[in-house]
Amino acid sequence: MSDNNRSIATVDKRPFFEKALSYGAQNGLIDHAKCQAIISDGAKGSVQIANFFGASHLHTDLDNARKRMVNLISLFLEETCQGNLEKAATSLRDNTFLSHSRGGNEMLKALHALPDCAVFGDVKSQDLKSFQDERTLVKPFTLSAYRKERQTREEDANTLAAATWFAKSMALPRSALEFTSAETVIRSAILVRAAGADSFPNRNAFSTLLKTLREQATKQVTVAGKLKIAKKLLDDVPDEYRKISDKIRREIEKHDLPQIANSAIALDELRNTVELRYFVRESGMDDVDEFDTLMSEEWRKVTNGKEDPFSRLTAFLCIAAETKAKTIISETEAKAIIRQVRHHGFNSEAVADFITTAAPFEMKENLLALWEDEFLPEASAYLLDEDDIKYIAAMKFLKENCNIKHKAVAAEKKKAS
């Protein structure tokens, strides 16, 4: 290959702040006096940041503080100036150095204020200071990563708001949604509308709802042979929630309606297959006037008639986390429970009270031993381990002892259907 066909590509990996400062100095936008002012402000800011995260008298903390400040300013400048070095250099010239650092910090605080998942009542995985600590030094955001995370969190916030709107439109109290996926609420609301009902179903009503849709299937099947949900059912949904609502409507049409319309699938099998994707009210929310309801009836409502230890322990775990009792939970719900118990601890007394008052008499002693002597000590060791930041050991323990529906398994079932 001749020398004329050879070229050397250069990659500038400097922080955006350093690029902007160099550009400004080389092009006469930032003079010597301004550089001295930046150095002076940087020294003051480094001490403040070092004191916030550690100690200002330690060289390592001061050096880390300098890195944190550079990362914050780089993020702020690149975002506000859209990556334009001339605009960034001009901003450094016309504004104080510390104002740029504060701007970057405000961006992190605004991001942290957004929900980090679309689950009602979920406890954040990090407090603000831990989030700032990580994202200014250990894992500083690139602009693209920041924007991607912000978009994800804004979508989660919008999904929660949309679910709240649907719940309010059907007079469902906010208290009934704790530790519930917002998407399941929207999904249930759309299915309820499609069936011509007007309230969120309990488990028995959910079966009735599926039966109604199945009976309507022959009338609604299109020429293409697919069951559809009319778009006009969402005409009253506010514009800001229309996108997420329509997305979920299409998901129902693609994944669930073919199974609902398939009369070869038994109704109880259908319910067990699709129920986890929907919000189903606790049985206790129904209007029950009979005071003399048998204790075993309450037991059946919580356990859904499942008597295996995995189902029982899953229900007990939910009760201990003060959330809706279920015999099978998703990975998202499991992680939300882990965050809840790390924040508030296990309410073991609630589980003991439930067993004492609701479980069949002959089972009480064994069930208490199963919970208090066998499961709770190990669960506490794994779920409350703060060193397990990504919940790897905690999730492994729960998958071995409870009913956790794995995403991959669910996906395979959909393909098979």
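Biologist: Is Trp371 buried or exposed?
Modeller: Buried: in this predicted model, Trp371 has 0% relative accessibility.

Biologist: And which helix do Trp371 and Phe375 lie in?
Modeller: Both are in helix α16, residues 364–383. They're four residues apart, about one turn of the helix.

Biologist: What kind of pair do the rings of Trp371 and Phe375 make?
Modeller: A stacked one, because the planes are at 25 degrees and anything under 30 counts as stacked. The ring centres are 5.5 Å apart. Phe375 is buried too, at 3% relative accessibility.

Biologist: Which cluster do ring pairs link Trp371 into?
Modeller: One made up of Trp299, Phe316, Phe354, Trp371, Phe375, Tyr382 and Phe397.

Biologist: OK, zooming out. How many aromatic pairs does the structure hold?
Modeller: There are 14. One of them is Phe131 with Phe141, a tilted pair with 6.4 Å centre to centre and 55 degrees between the planes.

Biologist: Where do Phe131 and Phe141 lie?
Modeller: Phe131 is in helix α6 (residues 128–138), while Phe141 is in the loop between α6 and α7 (143–169). So the pair ties together parts that are 10 residues apart in sequence.

Biologist: Are those two buried or exposed?
Modeller: Phe131 is buried at 3% relative accessibility, and Phe141 is buried at 11%.

Biologist: Switching to charges: what lies over the face of Phe141?
Modeller: Arg135 does, at 4.1 Å from the ring centre.

Biologist: And which ring does the charged end of Lys129 sit over?
Modeller: That's Phe52, with the charged end of Lys129 4.8 Å from the ring's centre.

Notes. Residues numbered from 1 in each chain as written. Predicted model: local features only at pLDDT ≥ 70, side-chain atom pairs only at ≥ 80, totals over all residues. Heavy atoms only, no water. Phe/Tyr/Trp six-rings, centres within 6.5 Å; stacked < 30°, edge-to-face > 60°. Helix = DSSP H or I, 4+ residues; strand = E, 2+ residues; numbered from the N terminus. Buried < 20%, exposed > 50% of the residue type's maximum accessible area, 1.4 Å probe, protein only. Lys NZ or Arg CZ within 6 Å of the ring centre and 35° of its normal.
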